[in-house]
There are 2 protein chains.
Amino acid sequence: MDGVLAMRVSDIGEFGLIDLIKNDTLYNPSDVVVGIGDDTAVLKHPPEKLLLATTDMMIENVHFVVMPDNGEQIGYRAMAANVSDIASMGGFPTHAMISIGVRPEMEASYIEQVYNGLKKCSKLYGVNIVGGDTVSSPQNLVINVALLGVVEQENYLLRSGAKPGDIILVTGYLGDSRAGLELITNRVKVSKKTEEYLLKRHYYPTPRVKEIRAALKAAPINSADDISDGLGNEIHEIASASNVGAVIWFDSLPISDAVKEVADLTKKDLLDYVLFGGEDFEIVMTADPENAELIAKVIKDETGTEATIIGKIVDRSEGILLFRDNQYKKIEKKGYIHFKQK
Amino acid sequence: MDGVLAMRVSDIGEFGLIDLIKNDTLYNPSDVVVGIGDDTAVLKHPPEKLLLATTDMMIENVHFVVMPDNGEQIGYRAMAANVSDIASMGGFPTHAMISIGVRPEMEASYIEQVYNGLKKCSKLYGVNIVGGDTVSSPQNLVINVALLGVVEQENYLLRSGAKPGDIILVTGYLGDSRAGLELITNRVKVSKKTEEYLLKRHYYPTPRVKEIRAALKAAPINSADDISDGLGNEIHEIASASNVGAVIWFDSLPISDAVKEVADLTKKDLLDYVLFGGEDFEIVMTADPENAELIAKVIKDETGTEATIIGKIVDRSEGILLFRDNQYKKIEKKGYIHFKQK
């Protein structure tokens, strides 16, 4: 900002910061008795429904890097990751509490941008921001979102319901987010159209709330998980929770032309993006074989989002396999692991 | 540990850490359909009741210092602060989600101790730990607790219900936590008995869930707040939310002999402890004058905790005053302020 001294968080203080962010936080106010402003939020819970609750912590230089113009994107993703967890249970997100630990020397406008991103995603999914905490963090910006949701008793989905014979489906395209990250970190040069598509997919992922609800309307879903650490990792999660194995058919995996373009340029295996690229926030689910095609069709018809049959659940003893070039190969578990030593 | 190489978090990894802490987390399991282990917790909410939700973030070297043996205390206080927020709304705490950002080089046993403290407080108040997030934090240990609770429609309490004429009551004794902190930081020498009392009050504060429920049974409570930033600050909060003023009677303030002993030794004014000492987690409340004595009596009879009449609510125009030595003086608002410049 030429000629303007940027305001730092330490200039405006905690209350100045809260003033910057406290407005425009209720996007579905009918269930909010008291939002931000008292010791706790007071909320109405719809009778007969189950309550869902999830939380995610993101820390600067671990989960994201602070750059001059990326505050909105970081905020958006923090909320989207939690909304995706609620979607993977078959539910709707309702109310969020946001804790933020801020370096005092940060520009106040950056924190405002983070909240703009949190609010942008909240608005899109009808989430009320009903509370939070604003504290000082000496060295790293910290964002914690705790998100509530609701689901009908008969509709909640777990990772543990997959059975041998189930068909595996996935929404959307796999690896877009990782390919988008690669454009930023490795400065890979692609067409304008590819760049726009991948950056949008990376910065503004789309939690699949509508898609899972369409699937539930079509037929019973036996298990589900959202793809935050790559399809390969989530298949392991479902298999382990359900005590089953799985086969993924490489030729069936939904891969965008954009990801193919990036993999060509970087000379990496497509699998690095499609199986092990994190944060796509697509949903992987399993269903009885006779229902699988109907589910894919209803998701597409009702939401416009592709849903693809990509494999099947097998006995535990068969392991977790990828079928590619007429061969079966083990899928390793290699999602993002915290605290891993170099 | 003589001869034993301490295990660091980076040695055992994220999953090893989760294994250390995931057991013994449900102290009131009947409302938990799914706890830790899937994308979100799945919970039953009692019909007709309102849902309460609060969150608090604590960061190393801002809210606490890591010392070899204080992990349990830090965990306990993190949960207690949230339980106190639920108590101040008139409710019961139910389910917690805990996010923790851990320095990879920290000893795993320290983090286990933090969880032991979180669990100790959870068990005491019937709180289920139903989810969380475990991430790497490069420089500061971060603990975020998001806590849910329930309260009947007719019982929830706000800061905003105080009316001129109301009597102000407070539970317990004021300033004990600050005096306990002073023993640690300034190495003030007091009697063994005083030391034990104050350290317990500082490290293991008692959120007043039972006390506020006893009060609600006795008579209507018009407004309430928990004392996390000192009575002076919370009186300002109630006055501002209710658009009223207040007079606090110095001679009526409940001050333990232990606080008097420490104030004598440090030559500080008692008010530094009693009005401006934080984190007592007592409850300040207001009620119609004809009910005040009954409320104090029922709290004492049902819980054993003292409750004391300490002042009255007046018109906004009169301000927020302390009556001491036959004089009225303004009570300044000086709680803990984040981001304050030196």
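In the predicted model, Ala53(B) of strand β3(B) is the bridge partner of Ala41(A). Helices (H or I, at least four residues) and strands (E, at least two) are DSSP runs, numbered from the N terminus. Residues are numbered from 1 along each chain as its sequence is written, with chains lettered from A and ligands numbered from 1 in the order in which they are written. Because the model is predicted, local features need pLDDT of at least 70 and side-chain atom pairs count only at pLDDT 80 or more, while totals for chains, interfaces and linings use all residues, and side-chain values use heavy atoms, with hydrogens and water left out.

Between the chains, 64 residues of chain B are in contact with 64 residues of chain A, contact meaning heavy atoms within 4.5 Å. The buried area amounts to about 5,500 Å², with 64% given by carbon and sulfur atoms; buried area is the accessible area (1.4 Å probe) that two parts lose on being put together, summed over both. Four salt bridges are found across the interface of chain B and chain A, a salt bridge being a side-chain nitrogen of Lys or Arg within 4 Å of a carboxyl oxygen of Asp or Glu. Asp39(B) and Arg159(A) form a salt bridge through their side chains, at 3.1 Å from N to O. Strand β3 of chain B (residues 49-59) contributes the largest share of the side of chain B that touches chain A, namely nine residues. By class, this side of chain B holds 32 nonpolar, 20 polar and 12 charged residues, where Ala, Val, Leu, Ile, Met, Phe, Trp, Tyr, Cys and Pro count as nonpolar, Asp, Glu, Lys and Arg as charged, and the others, Gly among them, as polar.

Chain A is assigned domain 1 (9-152) and domain 2 (159-330), with bounds from an automatic or database domain assignment. The C-alpha centres of the two domains of chain A lie 27 Å apart. Contacts join 19 residues of domain 1 to 18 residues of domain 2, and the two domains bury about 1,600 Å² between them, 58% of it on carbon and sulfur atoms. Two salt bridges are found across this domain interface. A salt bridge at 2.1 Å (N to O) joins the side chains of Glu279(A) and Arg77(A). Seven residue pairs (both at pLDDT 80 or more) are in polar contact between the domains of chain A. On the side of domain 1 that touches domain 2, α2 (71-88), β4 (92-102) and β6 (142-152) of chain A each supply at least two residues, and the largest share, 11 residues, comes from α2(A).

In chain B, strands β9 (residues 245-249) and β12 (residues 320-324) run parallel and are joined by four bridges, with Leu322(B) as the bridge partner of Ile248(B). Four bridges also join β12(B) to the antiparallel strand β13 of chain B (residues 327-330).

Notes:
Pairing = 2+ DSSP bridges. Polar contact = N/O pair within 3.5 Å; in protein donor to acceptor, adjacent residues only side chain to side chain.
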